[in-house]
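Please look over the model below. This report covers its fold and its aromatic contacts.

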Amino acid sequence: MLKLLGLLLVIAAGSFAGLQASLKLGRREKNLELFSRFVQNAETEIQFSGMPVADVVERHGGELSFLRRCTELCREGMDFSGAWDQAVSEDPGFSDGDASLLLEFGKGFGATDVQGQAAHCRLTLELTRQRLKDAREERRQKARLYRMLGVLGGIGTALFFC
């Protein structure tokens with residue numbers, strides 16, 4: 001009886017690992033959607049209010065954990081650029097390529113005049129939309145595969161120990 005319980009736990013662990021990998025793909029897609037919305041809002045805010053970038057992040061960044069962290073770090077006295085870089089590097093919700101895009105956006109965010117900021121936001125928005133399209137396709141193709149591999153890996157491991 002104990003052996004059967006152990007085998008079922010091994011299968012469940014494999015299934016859980018596959019589910020986690022699948023959910024990570026969905027989390028990346030959701031984060032890119034939220035970042036895209038943030039960049040759109042930031043562009044509008046900068047063009048029409050001239051608000052400082054730290055205030056833009058605080059006002060429009062509540063849905064993304066790295067933007068909330070950036071706001072916290074700015075409140076603690078860190079400069080915006082350092083806060084942005086640290087917040088992005090601490091967030092596991094993006095791929096390495098996504099994080100590079102975020103870091104590049106942070107380097108130019110607030111560094112030029114209003115027209116330059118608007119252009120910077122539009123470029124980043126276009127790049128983010130392409131990454132979002134890729135993330136959706138990747139999730140569509142791989143999410144089910146990861147779940148099935150997790151289940152089959154758990155079953156295979158359980159059979160190996162039988």
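Helices (H or I, at least four residues) and strands (E, at least two) are DSSP runs, numbered from the N terminus. The protein chain has 6 helices and 0 strands. The model is predicted: local features need pLDDT of at least 70, side-chain atom pairs count only at pLDDT 80 or more, and totals for chains, interfaces and linings use all residues. Residues are numbered from 1 along each chain as its sequence is written, and side-chain values use heavy atoms, without hydrogens and water.

The C-alpha atoms fill a box of roughly 70 × 35 × 20 Å along the principal axes. Buried residues (under 20% relative accessible area, 1.4 Å probe, protein chains only) make up 35% of the 162 residues.

A search of the whole structure finds 11 aromatic pairs. Rings of Phe, Tyr and Trp (its six-membered ring) pair if their centres lie within 6.5 Å; planes under 30 degrees apart count as stacked, over 60 as edge-to-face and the rest as tilted.

| Pair | Centre to centre | Angle between planes | Class |
|---|---|---|---|
| Phenylalanine 66 and tryptophan 84 | 5.3 Å | 85° | edge-to-face |
| Phenylalanine 66 and phenylalanine 94 | 5.7 Å | 85° | edge-to-face |

In the second, phenylalanine 94 lies in the loop between H4 and helix H5 (96-108), 28 residues from phenylalanine 66.

How buried are these residues by relative accessible area? Phenylalanine 66 is buried at 1%, tryptophan 84 at 0% and phenylalanine 94 at 10%. These three belong to one aromatic cluster, which also includes Phe35, Phe38 and Phe109.

Methods. Buried < 20%, exposed > 50% of the residue type's maximum accessible area, 1.4 Å probe, protein only.
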